[in-house]
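Here is a short briefing to read with the model open beside you. Take the topics in any order you like.

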Amino acid sequence: MDLFFITLEQMVIMFSFVVVGWGLGKSRLLPDGAAKTLSVLQTNIFFPAMTFMSLAENLTIDQVADKGVILLIGIATMFACIGAAVVLARLFSKEKAIRNMYIYFYSFSNFAYLGYPLIKAVFGDDALLDLVVFSIPFNIGISTFGYGLFQTQNSTPLWKKLLTPLNFSVVLGIIVGLSGIRLPNILSNIFNMSSDCVGINAMILTGIVISEAAIINMFNNKKSYLVSFFRLFGIALVFIPIACLLGIRGNALICIAVFAAMPGGLNTIVFSVDNDIKSEEPARIITITSLVSIISVPVVFALMSYLHLI
């Protein structure tokens, strides 16, 4: 039960900033485009900084074999998530654009904006490092397959999709970590201060994005609750037992839980808006899964701890 309350405390702290973001969005105190600005900061500065520092400070040459196993499990989990997403999406929509949105929703959880800061706070830097390595294929998948799900015409070459600050931070972090290079204190402090912004900025951004939808429409669709149930519990109830049967334990199992039991990724809304998908469903399922996850995520981790799986 200790892990339940530790995780619950972190979830409540983080989601207090979602309330702040929602209030700011509803109050109209923010200028137009504020959410876009925060998203740019998150995607291009704060999140890459956290990824880089986790790899640069914690990855060593003697960990290559262990982290290679984590990476392979991450690759297998991503393809399993996509496979499950395709099946589930067909249950909930026949319209291609909405069905593709569901595929993204089930394939990519909120592992970056919520998962990274939560895992660091609850399980520490070693678990965060494993999650960073585990999520490398997911980050590549989001920028290629994931965004492509929302596009009607895909004209961007694959190599350009891979040239992102996040992917650069992964490569540089691996190089610095494995080479044993020590960063000057001033650089370390800059990157660490940027990393500290990930959680707060992400949660405020989540609140602002959710605030743009009418609250009365967020909870009046029964199908959205079923969609959300499969996101938070359905996938986890299949993936975690299978992983246990395969002998996966510890941080690797925590990583699988992050992708199987976390709420849907915020980009479900962002990509839908960017590509003119006219539906309130993205905002609805992100709102529901985000709110329910305050309790569901602590329950999942506490149960895994009680069963001595982590």
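H2 gives the most to the lining of the largest pocket, with 8 residues. This is a predicted model, so please note that local features need pLDDT of at least 70 and side-chain atom pairs count only at pLDDT 80 or more, while totals for chains, interfaces and linings use all residues. Residues are numbered from 1 along each chain as its sequence is written, and side-chain values use heavy atoms, with hydrogens and water left out. Helices are DSSP runs of H or I with at least four residues, numbered from the N terminus.

**The largest pocket**

- The volume of the largest pocket is about 1,200 Å³.
- Its lining has 47 residues, and the closest to the centre are Ser39, Thr43, Asn267, Val270 and Phe271.
- Among the elements that give two or more residues to this lining are helix H1 (2-27), helix H2 (34-58), helix H10 (185-211) and helix H13 (267-274).
- For the terms: on a 1 Å grid over the protein atoms alone, a pocket is an open set of points where a 1.4 Å probe fits, with protein on both sides within 12 Å along at least five of seven lines, and lining residues have an atom within 4 Å of a point.
- The volume is the space filled by probe spheres set on the points, which are joined across faces, edges and corners.

**Helix H14 and glutamate 281**

- H14 has 26 residues, and its first and last C-alpha atoms are 35 Å apart, close to the 38 Å expected at 1.5 Å a residue (the expected span is 1.5 Å times one less than the number of residues).
- At serine 293, H14 bends by about 55°, where the bend is the angle between axes fitted to the seven residues ending there and the seven starting there.
- H14 is largely enclosed by the rest of the structure, because 19 of its 26 residues are buried (buried means under 20% relative accessible area, exposed over 50%, and partly exposed in between, with a 1.4 Å probe and protein chains only).
- Glutamate 281 belongs to H14, which covers residues 281-306, and counts as buried at 4% relative accessibility.
- The side chain of glutamate 281 makes a polar contact of 2.8 Å with the side chain of serine 224, and another of 3.0 Å with the side chain of arginine 284.
- A polar contact is a pair of N or O atoms within 3.5 Å; within protein, one must be able to donate a hydrogen and the other to accept it, and residues adjacent in sequence count only if both atoms are side-chain atoms.
- Apart from neighbours within four places in sequence, glutamate 281 is in contact with Met101, Tyr102, Lys223, Ser224 and Val227 (contact means heavy atoms within 4.5 Å).

**Helix H3**

- The 29 residues of H3 (64-92) should span 42 Å at 1.5 Å a residue, which agrees with the 41 Å between its end C-alpha atoms.
- Buried residues of H3 include Lys67, Ile70, Gly74, Cys81 and Phe92.
- The buried residues of this helix pack against H4, helix H6 (125-134), H7, H11 and H12.

**Two loop residues**

- Asparagine 110 sits in the loop between helix H4 (96-107) and H5, and it counts as buried at 6% relative accessibility.
- The side chain of asparagine 110 reaches the backbone nitrogen of tyrosine 113 at 3.4 Å.
- Leaving aside neighbours within four places in sequence, asparagine 110 is in contact with Gly115, Met262, Pro263, Gly264, Gly265 and Leu266.
- Arginine 249 lies in the loop between helix H11 (222-245) and helix H12 (250-261) and is partly exposed, with a relative accessible area of 41%.
- A polar atom of the arginine 249 side chain lies 3.0 Å from the backbone oxygen of cysteine 244.
- Arginine 249 and isoleucine 310 are 61 residues apart along the chain, yet their C-alpha atoms are separated by 6.0 Å.

**Positive phi values**

- Arginine 28, in the loop between H1 and H2, has a positive phi of about 65° although it is not a glycine.
- Arginine 28 counts as exposed at 66% relative accessibility.
- Histidine 308, in the segment after H14, has a positive phi near 60° and counts as exposed at 69% relative accessibility.
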